[in-house]
Amino acid sequence: MTSTFPNISISTERLVLRPLDEDDVPALAEMMNDEQVGAWTGVPQPYTEDRARAWIDDHAPAERVAGRGLDLAVAEFLTQRLVGVVQLAKTNWHVRSTEMSYIIAPWARGEGYASEAALATAQWLLGDQKFERIELRTAADNTASQQVAQKIGCISEGVLRNACIAHVRADDGTWSDVRTDYIVWSLLPEDLDGADEQLTDSSGFTTFPDWN
C-alpha cells in the first residue's frame with residue numbers, strides 16, 4: 001500500500017508551513033514570475049494565476065495522496081503573507097527518502113526564511129516521519145540555494161555533470177535553455193545534531209486540522 005504525507009502545518013519562530021490554499025493564488029503567481037525562479041527552476045514562464053490555481057487545486061493534492069511528494073506554503077506567522085514554498089518530490093517510502101526544493105519570493109530574500117523553512121521541514125521529516133535521507137540538488141551557479149543547503153547541515157556528495165537545465169532570459173523577454181551541473185546534497189538524521197534547538201522542539205509540529 002502506498003504511504004502518504006499527512007496534511008501538516010509546521011510552526012517556527014517566524015513562519016508557518018501549511019498546505020497551499022485558494023487565497024495563495026495571486027501571491028504564488030507573482031512569486032513564480034520572478035526572474036531568478038525562471039532561471040533556476042522548471043516553472044513555466046510566464047506563470048499565470050490559472051497555473052497557480054491548478055497547482056493548488058489539482059497537482060499538490062494528487063502528489064500528496066499518491067505519496068509522491070508534498071507542497072507547503074511558507075507564510076509569515078504574524079502577517080500570514082506568503083513568502084515562499086517548500087516542495088518534496090520523488091519520495092521513496094521503502095528507502096524513506098525524498099528530494100527537497102524551496103523557492104522564496106523576491107521581497108523576502110535575505111531574511112533567512114529559506115533555511116528556516118527547509119530546516120523545520122527536514123526536522124519534521126527525519127524526526128516525526130522517520131525518514132532516513134533528504135536530497136537536495138542545486139545548480140552549479142545557484143549560490144543562494146547552496147548556502148541554504150550548507151546552513152541546514154547538508155553534506156555535499158558530488159556533482160552530476162551536465163545534468164541541470166537552467167534558463168537565461170534575453171532582452172526581448174524570451175527564455176533559452178543552458179546546460180550546467182547539479183551539486184547533490186544530502187541530509188541524514190545524524191546531520192541535524194548542530195541545528196537550531198528551537199526548531200528541533202517537536203511541539204512546533206501540529207497536524208493541519210489542529211492549526212488555526
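Let's start with the aromatic rings: a search of the whole structure turns up four aromatic pairs. A pair here means rings of Phe, Tyr or Trp (its six-membered ring) with centres within 6.5 Å; planes under 30 degrees apart count as stacked, over 60 as edge-to-face, and the rest as tilted. Before I go on, please keep in mind that this is a predicted model, where local features need pLDDT of at least 70 and side-chain atom pairs count only at pLDDT 80 or more, while totals for chains, interfaces and linings use all residues. Residues are numbered from 1 along each chain as its sequence is written, and side-chain values use heavy atoms, leaving out hydrogens and water.

Now, two of those rings. Phe 5 and Trp 124 have ring centres 6.3 Å apart and planes at 40 degrees, so this pair is tilted. The pair links distant parts of the chain: Phe 5 is in the segment before strand S1 (8–11) and Trp 124 is in helix H4, 119 residues apart.

Phe 5 has another partner. Its ring and that of Phe 131 have centres 5.9 Å apart and planes at 20 degrees, so that pair is stacked. Phe 131 sits in the loop between H4 and S6, 126 residues from Phe 5. Ring pairs join Phe 5, Trp 93, Trp 124 and Phe 131 into a cluster.

Are Phe 5 and Trp 124 buried or exposed? Both are buried, and by that I mean under 20% relative accessible area, with exposed being over 50% and partly exposed in between (1.4 Å probe, protein chains only). Phe 5 is at 1% relative accessibility, and Phe 131 is at 0%.

Phe 5 also touches Arg 64, Gly 69 and Leu 70, among others, not counting residues up to four places away in sequence; contact means heavy atoms within 4.5 Å.

That brings us to the nonpolar cores, which are sets of buried Ala, Val, Leu, Ile, Met, Phe, Trp, Tyr and Cys residues joined through side-chain atoms within 4.5 Å. The largest has 37 residues, and Phe 5, Leu 17 and Met 100 are among those touching the most other members. H4 gives the most to this core, with 10 residues. Apart from it lies another core, of 18 residues, including Met 31 and Ala 105.

Let's follow Ala 105. This residue lies in the loop between S5 and H4 and counts as buried, at 3% relative accessibility. Ala 105 touches Met 31, Val 83 and Gly 84, again leaving aside residues up to four places away in sequence. Ala 105 and Gln 36 are 69 residues apart in sequence, yet 9.6 Å apart in space, C-alpha to C-alpha.

Last stop: helix H5, residues 143–151. Which of its residues are buried? They are Ser 145, Gln 146, Val 148 and Ala 149. These residues cover an arc of only 155 degrees around the axis, which puts them on the same side of H5; the arc is taken from the directions from the helix axis to the C-beta atoms. The face turned away from that buried side carries the exposed residues Gln 150 and Lys 151. Covering the buried residues are, among others, strand S5 (97–104) and helix H4 (113–128). Just after H5, Gly 153 takes a positive phi of about 95 degrees.

Note on methods. Helices (H or I, at least four residues) and strands (E, at least two) are DSSP runs, numbered from the N terminus.
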